[in-house]
Amino acid sequence: MLRLCEAAGLNGADSAGYARTLLSVLGPVGERPLDLPPPERSFLSDDHTPVEFSLSFTADAEPTLRVLLEPGYGADSLVQNGRTGLRVVRDLARRWGFDTTRLDELEDLFFPPDPEGPLALWCALELLPGGVPKVKVYLNPAASGRERAAATVREALHRLGHRQAFASLPEGDRHLFFALDLGEWEEPRVKVYLAHHDLSAPEAAGLSRVPGPSRAADPSRAADGPDRTTGSGAVAESAAPADPAAEVRRFFGMAAGHDTDAGAFAAGDGPDPRLGRRPVQSCHAFTETGTGRPSGFTLYVPVRDYAPHDGEALDRAVAVLGRHGMDPAPLVRSLAAVTSRRLHEGVGLIAYLGLAHQQGRPARVTAYISSEAYRVKPPVTAPPVRIGTVG
């Protein structure tokens, strides 16, 4: 955590404060020796570490470091896990002065007496200069059973004033998470995450329900002349403005490692990969209650399941960042801060790549970084992606 804060440009006082927060949120598990096995099989990461880091990039700005935590990790039961998570979030609210009313209104939905599913509550912190982060919570729609997950999401949206939002969601294989922004957000979001098995690029491009093309989705929006270069020397392409669906399709191909002919892929010519291992995820963010339409859309590709090793995963991340005019140097520094191993010796350090489009805002790319506290997944030798022509 301290090394990542330094790599992200946070000062020493902020870094130390955030490291203390991480340990306090984790409680006794934060002091558990790492030569012991994980106390439980956390769904948060592949090796069951209850911590995941991420860097969120926008063009012409420093990336934001974020950390996702499971406060109730190591509890005796899922019930206790959830109770601990709620207590920790409310303690943070008192410490930093934010309101938990929206979370309180949903407690009976997501924390039933006999909960099911792989999680109860996760908490994410966006680590900002000044020592006060932005806070998000992630809840389990299947807490009362997977068969009730859709009804739980619908009811939660309704209680928070988004009465038409559920009808705007695309089809998905299951509801993964229900998330809330808490505290000082310019536009607090309610977010619904869906899993999509065996997805193709054209299908991914059709998932967004954000109205209309926008300049925010155009990676060349600031390129009024020749191609720009980022601080690391990566070239940001200055092609003709693209609509969000085309950009999602292109991102899907780059992250999956099958954007070998960029023009043909973006135009829909030739075969498309279907990602048939770990499912792709989509996130639909709601900020206003009048129309029921989402204002934000994010696609997450689990790159570690479709790359042979982390060297290849990093290459894909660098290409995506360069495509959007973002400097990949902070990501390279951050990987070195997390591990001393050579990237080709494992796969999973970069877990996901995400592309977000939010109305009125520039495109955002996020790289999710695993702690690998308990295990390094070995590299794969066989091609991990099943290719099939979509027709």
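Guide: Two strands are said to pair if DSSP finds at least two bridges between them; strands (E, at least two residues) and helices (H or I, at least four) are DSSP runs numbered from the N terminus. The model is predicted, so local features need pLDDT of at least 70 and side-chain atom pairs count only at pLDDT 80 or more, while totals for chains, interfaces and linings use all residues. Residues are numbered from 1 along each chain as its sequence is written, and side-chain values use heavy atoms, with hydrogens and water left out.

Buried means under 20% relative accessible area, exposed over 50%, and partly exposed in between, with a 1.4 Å probe and protein chains only. Val280, Ser282, His284 and Phe286 point one way from S11, whereas Gln281, Cys283 and Ala285 point the other way. Both groups are buried.

S11 has strand S6, residues 190-196, as one partner, and the two pair in the antiparallel sense over seven bridges. Among these links, histidine 196 has valine 280 of S11 as its bridge partner. S11 is also joined to strand S12, residues 296-301, by five bridges, and this pair too runs antiparallel. Here histidine 284 is bridged to phenylalanine 297 of S12, and serine 282 stands opposite leucine 299 in S12.

These pairings belong to a closed barrel of 10 strands with antiparallel pairing, in the order S1-S2-S3-S4-S5-S6-S11-S12-S13-S14. Neighbouring strands of this sheet are turned against each other by 20 degrees on average, direction ignored. Helix H2 (residues 12-26) packs on the sheet and touches strands S1 (51-57), S2 (64-69) and S3 (121-127); the direction of H2 makes about 15 degrees with that of S2. Helix H8 packs on the sheet as well, touching S11, S12 and strand S13 (350-358), and the direction of H8 makes about 170 degrees with that of S13. Contact means heavy atoms within 4.5 Å; axes are lines fitted to C-alpha atoms, for helices over the stretch in contact, and angles run from 0 to 180 degrees between N-to-C directions.

H8 (residues 244-256) in turn packs against helix H10 (residues 310-323), at an angle of about 155 degrees and with the axes 8 Å apart. In this contact, H8 residues including Glu247, Arg250 and Phe251 meet Arg316, Ala319, Val320 and Arg323 of H10.
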